[in-house]
Protein chains: 2
Amino acid sequence: MSSPRRITLKDLAAELGVSTASISNAFNRPDQLSPKLRERILSEARRLGYTGPDAKARSLRTGRSRIIAVVLAESLTYSLNDAVSSELLSGIAEVLDAHGHTLLLLSGRQHASQAPGSANMADGYIVYGLMPSLMLLSGLPAQSPLVAVDFNIDDRPTVHIDNEPASYAIARHALRTPSRRPAVINLRLTRQPCNGRITEEHELLSAEQTITRSRLIGFHRAFEEHGIDPAQVPMWNIEENTFEVSAPVIEEILDLPEDERPDLLLCMSDRIALTALTLAERRGLRVPQDLRLTGFDGIAEGQYRPPRLTTVRQDSVEKGRIAAKMILGLAPRERKLLTTELLIGESCP
Amino acid sequence: MSSPRRITLKDLAAELGVSTASISNAFNRPDQLSPKLRERILSEARRLGYTGPDAKARSLRTGRSRIIAVVLAESLTYSLNDAVSSELLSGIAEVLDAHGHTLLLLSGRQHASQAPGSANMADGYIVYGLMPSLMLLSGLPAQSPLVAVDFNIDDRPTVHIDNEPASYAIARHALRTPSRRPAVINLRLTRQPCNGRITEEHELLSAEQTITRSRLIGFHRAFEEHGIDPAQVPMWNIEENTFEVSAPVIEEILDLPEDERPDLLLCMSDRIALTALTLAERRGLRVPQDLRLTGFDGIAEGQYRPPRLTTVRQDSVEKGRIAAKMILGLAPRERKLLTTELLIGESCP
DNA sequence: CTGAAAGCGCTTACAG
DNA sequence: CTGAAAGCGCTTACAG
């Protein structure tokens with residue numbers, strides 16, 4: 001209550017009449033001093049309210065902070081509420097936790113404009129999501145380990161899933177039941193923001209820049225195999241993977257006259273597919289009789305209630321675990337590709 | 001590529017023939033040097049690959065890290081995937097972001113056993129959830145600001161919602177339609193873990209220790225008003241607010257013979273109510289005709305598809321925002337009470 | 001507007 | 001097993 005300032009390791013050493021090295025060793029290297037001395041130090045420390053070496057000083061001295069930063073392309077708000085990215089984060093957190101590290105969340109968006117922040121305190125960086133600005137990356141200490149998840153960045157280590165084959169597989173499954181008017185709902189596929197129908201005007205991002213493009217390529221391969229010209233398949237784009245942002249686009253699709261309205265919607269995410277499901281049901285459309293739907297991700301919410309989504313299940317938790325292990329040097333720093341699983345629900349039997 | 005080590009502020013000063021103070025000022029206090037010199041420093045820094053002052057050194061020197069830690073009672077994995085706590089986190093993140101701070105996630109569980117970690121690096125602590133061990137709290141620097149959310153800790157500032165009146169209100173609404181066999185599904189209410197029916201053997205936590213108890217008190221008040229003896233209302237308890245953990249308990253309830261099976265379930269969370277909804281529908285029970293359900297929280301998932309949950313909506317995002325503002329000194333450090341809203345859905349009209 | 005110097009609190013070879 | 005001493009990279013009064 002009345003302590004004028006926090007007690008330091010040096011104060012404690014003076015108080016006990018031992019060297020600062022012994023205090024430090026008592027907390028960090030028990031084998032470097034006698035158990036008796038260590039016990040005395042620890043109990044005196046408790047008594048005097050010294051809770052251990054200051055992390056700020058230690059990190060400066062040792063050069064390591066035991067903090068790993070996750071740089072999120074989306075806002076923190078979005079990332080924390082989205083099922084897929086929060087699973088990624090929990091996989092990361094699980095591994096960091098188990099190895100005495102903690103997780104610092106950085107938003108890619110805020111980052112660029114930021115005054116010098118705490119970003120360069122981290123021992124390593126996991127960068128998640130599409131197209132982080134180069135500014136952002138150049139702001140990070142060049143020599144720190146960095147792992148990219150779901151996109152490529154130079155020749156850095158990455159963790160990916162098999163987007164193209166997985167999308168091919170789900171589209172092939174869907175097209176086994178003939179579809180007269182298939183359509184695709186993309187996610188962040190266009191260079192310029194577009195929350196609506198994609199036209200020839202729109203420039204699409206490359207497969208290097210976004211996983212969505214790889215997924216579209218898989219869909220197209222399946223279309224061609226079934227004698228459908230991909231260029232004739234209408235496409236829409238969604239700017240953010242939320243109910244709120246995707247709902248108006250989906251309403252636009254469902255508003256089409258019945259002979260133009262798609263009977264099969266291949267969606268780039270479960271969130272989009274679930275939004276389509278909700279809105280279709282509200283209008284009295286039956287899924288799958290009137291409209292078949294596929295998703296991507298395999299989030300729990302899509303599997304709780306019938307009709308369960310036909311989707312591609314990816315293990316985002318494992319993706320996070322692997323990225324964290326790479327950063328900590330517990331897994332080889334390479335380009336890792338995870339496989340996915342086709343999940344067949346009632347939304348597209 | 002071949003730089004032997006990272007360039008420091010001192011190196012840069014030597015290179016440019018200016019003092020270290022000017023370099024520091026160029027990055028931190030533009031008004032302390034001429035624009036011309038500042039420009040020269042910044043451009044040389046870029047050229048030599050100096051990305052700005054090292055955060056570890058700065059935080060030691062200034063005593064501030066611009067990091068705020070959130071200490072979560074649950075595991076990080078749970079907290080990141082639960083709708084309510086991730087909303088809280090996003091409210092916190094939003095405010096921190098806007099004020100140049102970053103978010104460090106600490107798990108209360110891991111924390112106690114931890115070797116000296118990076119925990120005491122933070123400038124402040126937001127502690128969320130029930131009954132953190134005292135060990136945990138004593139490990140935090142005593143003089144740092146601390147805000148507790150959803151429980152009380154000594155006379156520290158807190159952010160709460162009006163649990164008792166809100167629960168009273170929803171129970172009163174539910175009991176307007178007569179119920180022959182009401183029941184309550186609690187969450188972490190017992191001192192000893194109990195995932196199943198609560199009997200007289202079980203000791204309940206106090207309202208100081210868990211918000212669940214406050215909610216139960218509200219339910220009981222409504223029961224009494226409707227001439228129902230609270231002691232006659234069967235109660236179950238759930239240990240973790242997830243589908244997996246609550247499902248077996250709910251199956252146990254639904255397995256009861258028809259003349260014992262509750263016709264009204266007052267649940268302590270939407271997650272529990274949604275699990276009950278899913279499992280009831282799987283058995284062909286109709287909600288609300290055969291079984292009425294109420295939740296608590298007002299998460300989005302409960303409102304997407306019919307029957308929407310009758311529930312109490314709490315603004316977890318706002319709770320997070322306020323806690324963050326208190327920590328940053330942008331809001332008075334007091335005991336803040338947020339109000340909630342009764343949401344009437346089809347699960348209990 | 002600029003520079004010289006102290007010191008934030010610790011850890012770690014190193015010598016004894 | 002213990003202690004004296006250097007120094008991690010910065011910021012900030014302070015003097016000029």
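Guide: Start with DNA strand C. It has 26 residues around it, and Leu9(A), Ser24(A), Asn28(A), Arg61(A) and Arg61(B) come nearest. Here a residue is near a molecule or strand if one of its heavy atoms lies within 4 Å of it. Of the atoms of DNA strand C that come within 4 Å of the protein, sugar and phosphate account for 65%.

A word on the ground rules. This is a predicted model, where local features need pLDDT of at least 70, side-chain atom pairs count only at pLDDT 80 or more, and totals for chains, interfaces and linings use all residues. Residues are numbered from 1 along each chain as its sequence is written, chains are lettered from A and ligands numbered from 1 in the order in which they are written, and side-chain values use heavy atoms, with hydrogens and water left out.

Now look at polar contacts. Such a contact is a pair of N or O atoms within 3.5 Å; within protein, one must be able to donate a hydrogen and the other to accept it, and residues adjacent in sequence count only if both atoms are side-chain atoms. Take Leu9(A). A polar backbone atom of Leu9(A) is 2.4 Å from a phosphate oxygen of DNA strand C.

Helices (H or I, at least four residues) and strands (E, at least two) are DSSP runs, numbered from the N terminus.

Next, the residue types. The surface near DNA strand C divides into 10 nonpolar, 10 polar and six charged residues. Ala, Val, Leu, Ile, Met, Phe, Trp, Tyr, Cys and Pro count as nonpolar; Asp, Glu, Lys and Arg count as charged; the others, Gly among them, count as polar.

Turn to DNA strand D. Around DNA strand D there are 26 residues, and Arg61(A), Leu9(B), Ser24(B), Asn28(B) and Arg61(B) come nearest. Sugar and phosphate make up 64% of the atoms of DNA strand D that come within 4 Å of the protein. A polar backbone atom of Ser19(A) is 3.3 Å from a phosphate oxygen of DNA strand D. Arg61(A) reaches a base: one of its polar side-chain atoms lies 3.2 Å from a base nitrogen of DNA strand D. Leu9(B) has a backbone N or O atom 2.4 Å from a phosphate oxygen of DNA strand D. H2 and H4 of chain A, together with H2 and H4 of chain B, are the elements that give two or more residues to this surface. The residues near DNA strand D divide into 10 nonpolar, 10 polar and six charged.
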